[in-house]
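Have the sequence and the 3D view open as you read.

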Amino acid sequence: MGGAGEKWKKSKPSKYSVEGGELVRKGTECPNCGPGVFMGEHSDRKVCGKCGHSITGDSE
Ligand SMILES: [Zn+2]
């Protein structure tokens with residue numbers, strides 16, 4: 001009885017947030033890989049974990 005509920009207790013990185021019923025994307029998308037691929041944020045640059053593309057500074 002009541003054995004369910006602990007199935008999806010994994011902590012997913014929330015790159016999306018839902019605000020007012022709309023999906024808001026967080027983070028920077030990789031210009032190489034396209035939408036859906038986000039870049040890892042470092043102190044002064046962003047690096048794509050997929051293709052390795054890196055952006056320094058704040059472009060756009
Ligand atoms: Zn990429």
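## Ground rules

Two strands count as paired if DSSP finds at least two bridges between them. Strands (E, at least two residues) are DSSP runs, numbered from the N terminus.

Keep in mind that this is a predicted model, where local features need pLDDT of at least 70, side-chain atom pairs count only at pLDDT 80 or more, and totals for chains, interfaces and linings use all residues. Residue numbers start from 1 along each chain as its sequence is written.

## The sheet as a whole

What you're looking at is an open sheet of 3 strands, in the order S3-S4-S5, with antiparallel pairing. S3 and S5 are the edge strands, each pairing on one side only. On average, neighbouring strands of this sheet are turned by 20° against each other, direction ignored (axes are lines fitted to C-alpha atoms, and angles run from 0 to 180 degrees between N-to-C directions).

## S3 and S4

S3 covers residues 39–41 and S4 covers residues 45–48; the two run antiparallel, paired over 3 bridges. To find one of the bridges, go to Gly-40, whose partner in S4 is Val-47. A hairpin of 3 residues takes the chain from S3 to S4.

## S4 and S5

On to S5, residues 54–56, which is antiparallel to S4 and joined to S4 by 3 bridges. Val-47 turns up again here, with Ser-54 as its bridge partner in S5, while Arg-45 is partnered by Thr-56 in S5.

S4 and S5 also form a hairpin, this time with 5 residues between them. Check out Gly-52 in that turn: its phi is positive, at about 90°.

Technical notes. Helix = DSSP H or I, 4+ residues; strand = E, 2+ residues; numbered from the N terminus.
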